Amino acid sequence: MAEVTTAGVEDVVARFGAAWEAWDLDAIMALMAEDAVFESTGPAPDGVRIEGAAAVRAEWEGMFRDTRDAEFRFEEAFVSGDRATARWQFSWTNDDRSRGHVRGADVMRVRDGLVVEKYSYVKG
């Protein structure tokens with residue numbers, strides 16, 4: 001296992017955020033570990049826990065396919081050791097053509113240059 005550096009984790013989180021902003025599922029998944037865990041924002045109160053990169057990708061494929069005019073913006077990230085917290089805003093176009101959005105945060109863990117945990121939370 002490679003030594004964890006704050007700069008290395010910051011780099012992974014920055015590239016991860018850029019991949020989300022580009023709405024590029026392949027680039028996002030290239031930064032996810034094979035044994036990654038994702039906990040979604042819903043349904044309340046605990047969301048859904050998804051384990052393994054293939055299952056995470058399958059979960060996100062629906063969101064990528066079904067979200068109209070998606071825009072993801074990373075606002076800032078804080079890193080401590082192998083952990084990071086990133087604030088973001090996600091917006092889309094509703095069926096009635098109005099814009100919707102949520103603000104949230106991810107708590108992540110990075111290992112060997114890949115995201116191994118991504119726990120997502122939104123303002124409710």
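Colleague: What radius of gyration would a compact globule with 124 residues have, and what does the chain have?

Modeller: The radius of gyration is taken over C-alpha atoms, and the globule rule is 2.2 Å times the number of residues to the power 0.38. For 124 residues, that puts a compact globule near 14 Å; the chain has 14 Å, so the two agree. Along its principal axes, the C-alpha trace spans about 50 × 30 × 25 Å. A caution on sources: this is a predicted model, where local features need pLDDT of at least 70 and side-chain atom pairs count only at pLDDT 80 or more, while totals for chains, interfaces and linings use all residues. Residues are numbered from 1 along each chain as its sequence is written, and side-chain values use heavy atoms, with hydrogens and water left out.

Colleague: How many helices and strands are there in the chain?

Modeller: Helices (H or I, at least four residues) and strands (E, at least two) are DSSP runs, numbered from the N terminus. Here there are three helices and six strands. Their order from the N terminus is α-α-β-β-α-β-β-β-β.

Colleague: In what order do the strands of the open sheet stand?

Modeller: Two strands pair if DSSP finds at least two bridges between them. The order in this sheet is β2-β1-β6-β5-β4-β3, and the pairing is mixed. β2 (49-51) and β3 are at the edges with a single partner strand each, so one side of each has no neighbour in the sheet. On average, neighbouring strands are turned by 20° against each other, direction ignored.

Colleague: Which pairs are parallel or antiparallel?

Modeller: β5 and β6 (residues 114-122) are antiparallel, over eight bridges. R109 has E117 in β6 as its bridge partner. β1 and β6 are parallel, over four bridges. β1 and β2 are antiparallel, over three bridges. Look at E39: it stands opposite Y119 in β6 and opposite R49 in β2.

Colleague: Which strands does α1 touch when it packs on the sheet?

Modeller: Contact means heavy atoms within 4.5 Å. Axes are lines fitted to C-alpha atoms, for helices over the stretch in contact, and angles run from 0 to 180 degrees between N-to-C directions. α1 touches β1, β3, β4, β5 and β6, and its direction makes about 170° with that of β3. α3 also packs on the sheet, touching β1, β2 and β6, at about 50° to the direction of β1.

Colleague: Which residues have the most contacts inside the largest nonpolar core?

Modeller: A nonpolar core is a set of buried Ala, Val, Leu, Ile, Met, Phe, Trp, Tyr and Cys residues joined through side-chain atoms within 4.5 Å. Buried means under 20% relative accessible area, exposed over 50%, partly exposed in between (1.4 Å probe, protein chains only). The largest core has 27 residues, and F16, W20, M32 and W60 have the most contacts inside it. α1 (6-21) gives the most, with six residues. M32 is in contact with F16, V56, W60, L114 and V115, leaving aside neighbours within four places in sequence. Buried residues make up 36% of the chain.

Colleague: Is S91 buried or exposed?

Modeller: S91 has 9% relative accessibility, so it counts as buried. S91 lies in strand β4. A polar contact is a pair of N or O atoms within 3.5 Å; within protein, one must be able to donate a hydrogen and the other to accept it, and residues adjacent in sequence count only if both atoms are side-chain atoms. The side chains of S91 and R99 make one of 2.9 Å.
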